[in-house]
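Please look over the sequence and the structure shown below before reading on.

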Amino acid sequence: MANYKDRTFLPKTVSPEWAAYFATVPDAELIPMRPSPTDAKAWAAIHADYESQRLDGCHAIAEKLGVSITEKQLGGVPVLEITPAGWVDDGRLLVYAHGGAYTFFTSRSTLSSSAVAARSTGMRVISIDYTNPPAAKWPQVIGQIVAVLTALGEAGHAMDKTAIFGDSAGGALAAGAVLKMRDDGQKLPAAVVLWSPWSDITETGDSFVTLKDYEPAYIYETCLAPAAAAYADPADHRHPYVSPVYGDYSRGFPPTLIQGGTREIFLSNFVRHYRAIDAGGQKAVLDLYEGMPHVFQNKLPESLEARTALAKMKEFLLEHMI
């Protein structure tokens with residue numbers, strides 16, 4: 001299999017661990033074209049294949065980190081409750097919307113993110129097992145995220161001690177769900193943390209052009225465009241709940257931390273989303289990391305870059321989850 005280094009230059013300004021990572025990562029150009037947005041059977045087959053590849057590794061990570069895992073249902077939606085070793089209940093709770101281009105992964109195959117976040121913050125995490133498109137479209141998926149948050153509130157979890165975070169597609173789900181909650185007049189989480197959010201599912205932004213040949217994870221035309229169409233019909237791609245970069249933040253939004261790397265085609269998403277929240281008069285922090293790829297926090301969590309980002313996340317959450 002060809003490596004990413006065979007078609008592009010490697011960053012010289014990253015830690016040794018990341019230099020080694022970039023030298024061996026497979027080339028995204030070798031990923032086959034995704035199925036038609038309506039071919040549910042083909043999407044389900046790829047989903048099952050990815051699950052089988054990831055589950056053992058993710059459970060090994062969870063075991064290494066010493067977290068405990070409990071299956072639950074909240075608001076009619078299956079979730080995993082992930083509790084870090086030595087956890088002390090101070091009322092703080094993290095809700096996690098996983099990534100995977102909407103169409104892939106589950107709460108178990110994304111323990112690489114949720115368990116790392118639980119260990120790094122010391123907080124209990126509720127990871128949502130939303131229905132993967134095309135088995136569900138965006139209104140149902142967003143509704144499942146909102147249903148979990150609503151159920152937590154009804155169970156007595158104070159929203160000022162609850163935060164939501166998501167990575168990649170999960171970042172957009174987290175932001176979109178909070179926008180819907182605000183529009184519906186619900187009490188909002190205390191903070192939002194977005195790792196490499198896919199904040200605009202259209203191919204819009206400077207970095208989709210300038211970083212196209214240097215993105216190690218995705219090619220939009222073959223990987224992302226079909227997934228975007230499976231999640232939302234083209235007419236809905238700029239709906240604020242689908243692509244929250246188009247949201248009106250002047251009506252309120254929780255303090256938001258956006259983290260990402262400079263080697264992502266989504267870089268313009270991060271900048272534009274930050275600008276939208278800031279222009280709406282709300283607090284936003286754009287926290288970028290030199291040379292880092294998509295959702296770097298869960299790939300090499302012991303690296304300097306990931307440890308720095310995770311510490312920043314914990315600091316941000318503690319500041320706002322009073």
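The lining of the largest pocket is made up of 23 nonpolar, nine polar and six charged residues, where Ala, Val, Leu, Ile, Met, Phe, Trp, Tyr, Cys and Pro count as nonpolar, Asp, Glu, Lys and Arg as charged, and the others, Gly among them, as polar. The model is a predicted one, in which local features need pLDDT of at least 70 and side-chain atom pairs count only at pLDDT 80 or more, while totals for chains, interfaces and linings use all residues. Residues are numbered from 1 along each chain as its sequence is written, and side-chain values use heavy atoms, with hydrogens and water left out.

The pocket has a volume of about 1100 Å³, and of its 38 lining residues Tyr50, Arg54, Phe105, Ala217 and Tyr218 lie nearest its centre. Two or more lining residues come from each of helix H2 (40-65), helix H3 (111-121) and helix H7 (220-231), and H2 gives the largest share, six residues. Helices (H or I, at least four residues) and strands (E, at least two) are DSSP runs, numbered from the N terminus.

Pockets and cavities are found on a 1 Å grid over the protein atoms alone: a cavity is a set of points where a 1.4 Å probe fits but cannot get out, a pocket is an open set with protein on both sides within 12 Å along at least five of seven lines, and lining residues have an atom within 4 Å of a point. Grid points are joined across faces, edges and corners, and a volume is the space filled by probe spheres set on the points.

By this rule there is one cavity of 30 Å³ or more, and the largest cavity has a volume of about 50 Å³. Its lining consists of Glu203, Phe208, Lys212, Tyr218, Ile219, Tyr220, Glu221 and Ile265, which divide into five nonpolar, no polar and three charged residues.

## Cores and buried residues

The largest nonpolar core has 63 residues, of which Val148, Trp198 and Tyr231 touch the most other members; such a core is a set of buried Ala, Val, Leu, Ile, Met, Phe, Trp, Tyr and Cys residues joined through side-chain atoms within 4.5 Å. A second, separate core of 28 residues includes Ala62, Tyr96, Ala118 and Trp195. Buried means under 20% relative accessible area, exposed over 50%, and partly exposed in between (1.4 Å probe, protein chains only).

With neighbours within four places in sequence left aside, tryptophan 198 is in contact (heavy atoms within 4.5 Å) with residues including Ala101, Tyr102, Ser168, Phe266 and Asn269. Serine 168 lies in the loop between strand E5 (162-167) and helix H5 (169-183), and, not counting residues up to four places away in sequence, serine 168 touches Gly99, Trp195, Ser196, Pro197, Trp198, Tyr218, Phe266, His294 and Val295.

| Residue | Relative accessible area |
|---|---|
| Cysteine 58 | 4% |
| Cysteine 223 | 4% |
| Serine 168 | 5% |
| Glutamine 144 | 13% |
| Serine 196 | 0% |
| Valine 295 | 5% |

Glutamate 221 is 77 residues from glutamine 144 in sequence and 28 Å from it in space, C-alpha to C-alpha.

## Cysteines and backbone

The structure holds zero disulfides, a disulfide being a pair of cysteine sulfur atoms within 2.5 Å.

Most residues other than glycine have a negative phi, and most peptide bonds are trans. The peptide bond from proline 133 to proline 134 is cis, with omega near 5 degrees, and proline 134 lies in the loop between strand E4 (124-128) and H4. Serine 196, in the loop between strand E6 (191-195) and helix H6 (207-210), has a positive phi near 45 degrees. Valine 295, in the loop between strand E8 (284-289) and helix H9 (304-320), has a positive phi of about 50 degrees although it is not a glycine.
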